[in-house]
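This report describes selected features of one protein chain. The sequence and structure are shown first.

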Amino acid sequence: MRIISGKYGRRRFEVPRNIKARPTTDFARENLFNVLSNRLDFEGMEALDLFSGTGAVSFELASRGCSKVVSVEIYSFQYTFIKKVIHELKADEIIAIKGDVFKYIAASREQFDFIFADPPYALPEMEKLPRLILTSTLLRPGGTFVLEHSKENDFSTDPHFEQMRNYGSVHFSIFRQGEEKPLSNEGPKPKTTSL
């Protein structure tokens, strides 16, 4: 696993072979962040990484200046790996949570400027995930949500959908939360721009 850019850039970590995850390839992750970096200012943003697996996206977000990154992963092996890398990087801005993503979404009262989700491609709730995120209070008005999925999924009819990028077998659908969505609590305006 390679961190592409930012303060932790070019650091590499050996991912254990028996990890229960399908990590986003370095190629796909680099291209996605090239697209996002041209449109978003990650500096000072608060981000949420769901189904975080190896934590590669969490580390990339922290490396690029996010002030807080919450990384949610249910499997002990992956969670332990994420905690190990956090310790090695001294990346105090990353908060690793071992738990079920859907329980976290239902219980969390936090809000984020950017949310990334990389669920198993065969997840039964895959089609419902954008609606679940975008109708919750998790994503601040104007915030961006990115969902990684296979070619079998098409989210282009969702009113919040903005674009889809594919890199080989990896597909990213990008959504933007409307500015009209009410905040559950007062907070600073998100540091995002329209995609």
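Two strands count as paired if DSSP finds at least two bridges between them. The model is predicted. In it, strand β2, residues 68-73, pairs with strand β3, residues 94-98, in the parallel sense, and 5 bridges join the two. Val 69 has Ile 94 in β3 as its bridge partner.

## Helix α1

Helix α1 covers residues 26-37, which makes 12 residues. At 1.5 Å a residue the helix should span 16 Å, and the distance between its end C-alpha atoms, 16 Å, agrees with this.

Which residues of α1 are buried? They are Ala 28, Arg 29, Leu 32, Phe 33, Val 35 and Leu 36. Viewed down the axis of α1, the buried residues lie within an arc of 155 degrees, so they line one face of the helix. These buried residues pack against helix α2 (56-63) and against strands β4 (112-117), β5 (139-149), β6 (161-167) and β7 (170-176).

## Leu 40

Leu 40 sits in the loop between α1 and β1, the latter being residues 46-50. Is Leu 40 buried or exposed? The relative accessible area of Leu 40 is 7%; the cut-off for buried is under 20%, so Leu 40 is buried.

Leu 40 and Pro 130 are 90 residues apart along the chain, and their C-alpha atoms are separated by 20 Å.

Notes
Residues are numbered from 1 along each chain as its sequence is written. This is a predicted model: local features need pLDDT of at least 70, side-chain atom pairs count only at pLDDT 80 or more; totals for chains, interfaces and linings use all residues. Side-chain values use heavy atoms; hydrogens and water are left out. Helices (H or I, at least four residues) and strands (E, at least two) are DSSP runs, numbered from the N terminus. The expected span of a helix is 1.5 Å times one less than its number of residues. Buried means under 20% relative accessible area, exposed over 50%, partly exposed in between (1.4 Å probe, protein chains only). The arc is that of the directions from the helix axis to the C-beta atoms. Contact means heavy atoms within 4.5 Å.
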